[in-house]
Amino acid sequence: MNSVLTIAGSDSSGGAGIQADIKTIHRMGLHALSAVTAVTAQNSIGVTAAYSVPTGIIREQVEGVVKDASPRAVKIGMLKSTDSVRLMVELIQRLGLKNVVLDPVIKASTGELLLDPQALDVLRDELLPRVHAVTPNLPEASALTGRPVRSGRDAEEAARALKALGPDAVVTGGHLEGRCVDVICDGDGTHSYSGSRLITAFTHGSGCVFSTALATALGMGFGFRRAVIRARSITRKALMNGYQWGAGPGVVNPLGTRSQP
Ligand code: PLP
């Protein structure tokens, strides 16, 4: 069975992070390998703590599975520390990891920091140029480019600026007003994918599902643009099947139809 590796943080609330990634990979029919980079304590209301996993332990998790059978693709999510970011740079090069998609997780939507502030420059300058694709939302695109990214036009400029650093870029439009527009920039230039906006409060984990679905589709052999279309459709279904489990906003459900009691 072909596999996809997710290197990401654990979300105790089960909606985002490595939990969302594993569900997404399995839903797409591949085997999910996982390496935990950070442990968060969170519920539907917010994140109360985020701890880095020591880099030696992250390294062992990644090396162990990759030595056994090379994954078709790799999704990198929450990294928390500068050392973890540097470790990714080393592992991508030394292990020759393919189809690496970076979701540049910086903050939870409830506002808590998931990346140490001093790690941002290293992520942009050293890790970004070595991945195949990067999938920031608007606030993440803004942090990475140092410019406000609020409109479709800003998103297009940000996607171009990120592509200039190396990877194919998708600036996801979940935070845009009006229609949901994802703007990409790849070797063939920029392109926008537009769709109607789903009105839902079950959004926690949507960025994780999108980036993992993109990596998995690349690993299945789709070209970048077709993989983006596939990832959009999987994310849309996960939003449509989302549900609430606690007092705060609900979670996406990448596993398909929900059976509500
Ligand atoms: N927790 C973890 C471990 C994550 O990786 C992420 C996002 O990638 C989040 C929380 C935040 O998810 P959201 O922005 O959907 O609240």
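## The ligand and its polar partners

In this predicted model, an N or O atom in the side chain of H204 lies 2.7 Å from an oxygen atom of the ligand, a polar contact being a pair of N or O atoms within 3.5 Å, where within protein one must be able to donate a hydrogen and the other to accept it, and residues adjacent in sequence count only if both atoms are side-chain atoms. The side chain of Q42 has an N or O atom 2.9 Å from a nitrogen atom of the ligand, while a polar backbone atom of G205 is 3.0 Å from an oxygen atom of the ligand. The protein buries 89% of the 390 Å² that the ligand exposes when taken alone (Shrake-Rupley method, 1.4 Å probe).

S81 belongs to the loop between β4 (73-76) and α3 (82-95), where helices (H or I, at least four residues) and strands (E, at least two) are DSSP runs numbered from the N terminus. Because its relative accessibility is 13%, S81 counts as buried (under 20% relative accessible area, 1.4 Å probe, protein chains only).

The side chains of S81 and S84 are joined by a polar contact of 2.9 Å. Leaving aside residues up to four places away in sequence, S81 touches S52, D116 and A119, with contact meaning heavy atoms within 4.5 Å.

## Basis of the values

Residues are numbered from 1 along each chain as its sequence is written, and side-chain values use heavy atoms, leaving out hydrogens and water. As this is a predicted model, local features need pLDDT of at least 70 and side-chain atom pairs count only at pLDDT 80 or more, whereas totals for chains, interfaces and linings use all residues.

Note on methods: Buried < 20%, exposed > 50% of the residue type's maximum accessible area, 1.4 Å probe, protein only.
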